[in-house]
Amino acid sequence: MDNATIIGLIAGVGLLIFGMSSGGSLMVFVDLPSVYITIGGSAAAMLINFPMTQFINAFKSVRWAFFTRPLSIAEVINTLVSFAEKARREGLLALEEEAQNSDDAFLQKGIQLVVDGTDPALVKDILEIELAFQEERHKSNKGFFESWGALAPAFGMIGTVIGLIQMLKNLSDVSKIGPSMAVALITTFYGAVSANFIFLPIAGKLSIRSREEILVRQIMIEGILSIQAGENPRIVEEKLKSFLPPK
């Protein structure tokens with residue numbers, strides 16, 4: 001669980017509710033037509049803008065805004081050093097069982113390529129190609145929520161225009177001016193809140209998660225190539241630690 005996301009979410013909701021309720025009832029900020037225009041309209045635009053598979057994949061990726069990746073950098077380095085020690089003692093073929101028992105598909109593939117005697121340059125190319133496309137998928141998910149963050153305020157402005165048109169058409173009927181103005185203002189509010197409190201922060205957290213995973217994969221590639229080259233486990237450990245800040 002990512003504590004920063006949870007704390008930010010709870011604090012943000014609490015502060016918004018406190019700010020909205022300080023001037024009166026919270027029900028003033030509840031308006032279903034505004035929800036339909038802002039959230040529903042922007043969601044429909046996203047369906048037009050992105051294929052359904054991307055729409056589904058982006059929503060699946062939201063979990064990484066709330067949970068950290070299962071593999072830590074320290075665990076990855078320790079695992080690779082243990083692989084290097086075993087390969088040094090028993091040979092590369094001894095790593096086949098380790099590869100099969102690994103829970104990480106990327107690491108499993110890299111070790112299996114080494115065990116199969118694949119040329120080091122080809123091992124590097126295969127793993128880097130997979131890493132590049134993985135990074136591209138991450139960018140697509142991040143871009144999805146960035147696009148939604150841009151569309152939500154725009155639909156808020158559309159709702160404002162709709163509300164103003166309704167108000168101007170019914171200036172003679174005083175009873176309709178209030179509801180029309182509510183739609184005009186609340187849609188802008190919904191658009192700004194959804195973009196700046198939900199969609200753009202999710203995109204930012206996914207970007208951080210992507211950088212974390214790419215770093216782990218780069219460490220894996222360097223470790224796998226070092227193991228294949230038969231380097232001393234202590235040298236492997238120091239090399240992999242160089243990816244991390246000194247602290």
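## A tilted ring pair

Phenylalanine 189 has a relative accessible area of 26% and is therefore partly exposed. Partly exposed is the class between buried, under 20% relative accessible area, and exposed, over 50% (1.4 Å probe, protein chains only). Phenylalanine 29, at 27%, also counts as partly exposed.

This is a predicted model in which local features need pLDDT of at least 70 and side-chain atom pairs count only at pLDDT 80 or more, while totals for chains, interfaces and linings use all residues. Residues are numbered from 1 along each chain as its sequence is written, and side-chain values use heavy atoms, with hydrogens and water left out.

There are twelve aromatic pairs in the structure. Rings of Phe, Tyr and Trp (its six-membered ring) pair if their centres lie within 6.5 Å; planes under 30 degrees apart count as stacked, over 60 as edge-to-face and the rest as tilted. Phenylalanine 29 and phenylalanine 189 form a tilted pair, because their planes stand at 50 degrees, with ring centres 5.5 Å apart. Phenylalanine 29 sits in the loop between α1 (3–21) and α2 (32–49) and phenylalanine 189 in helix α8 (residues 174–228), so this pair ties together parts 160 residues apart in sequence. Helices (H or I, at least four residues) are DSSP runs, numbered from the N terminus.

## An edge-to-face pair and a cluster

The aromatic pair of phenylalanine 55 and phenylalanine 144 is edge-to-face, at 5.3 Å centre to centre and 85 degrees between the planes. Phenylalanine 55 belongs to helix α3 (residues 52–61) and phenylalanine 144 to helix α7 (residues 120–169), so the pair links parts 89 residues apart in sequence. Phenylalanine 55 is buried at 14% relative accessibility, and phenylalanine 144 is buried at 0%.

Ring pairs also join Phe50, Phe55, Phe59, Phe144, Phe145, Trp148 and Phe199 into a cluster.

## Helix α1

The buried residues of α1 are Thr5, Gly12 and Met20. Viewed down the helix axis, they fall within an arc of 50 degrees, so they line one face of α1; the arc is that of the directions from the helix axis to the C-beta atoms. Asn3, Ile7, Ile10, Leu15 and Phe18 are exposed on the other side of α1.

## Threonine 5

Threonine 5, in helix α1, is buried with a relative accessible area of 15%. Not counting residues up to four places away in sequence, threonine 5 touches Ala65, Phe66 and Lys205, where contact means heavy atoms within 4.5 Å.

Note on methods:
Helix = DSSP H or I, 4+ residues; strand = E, 2+ residues; numbered from the N terminus.
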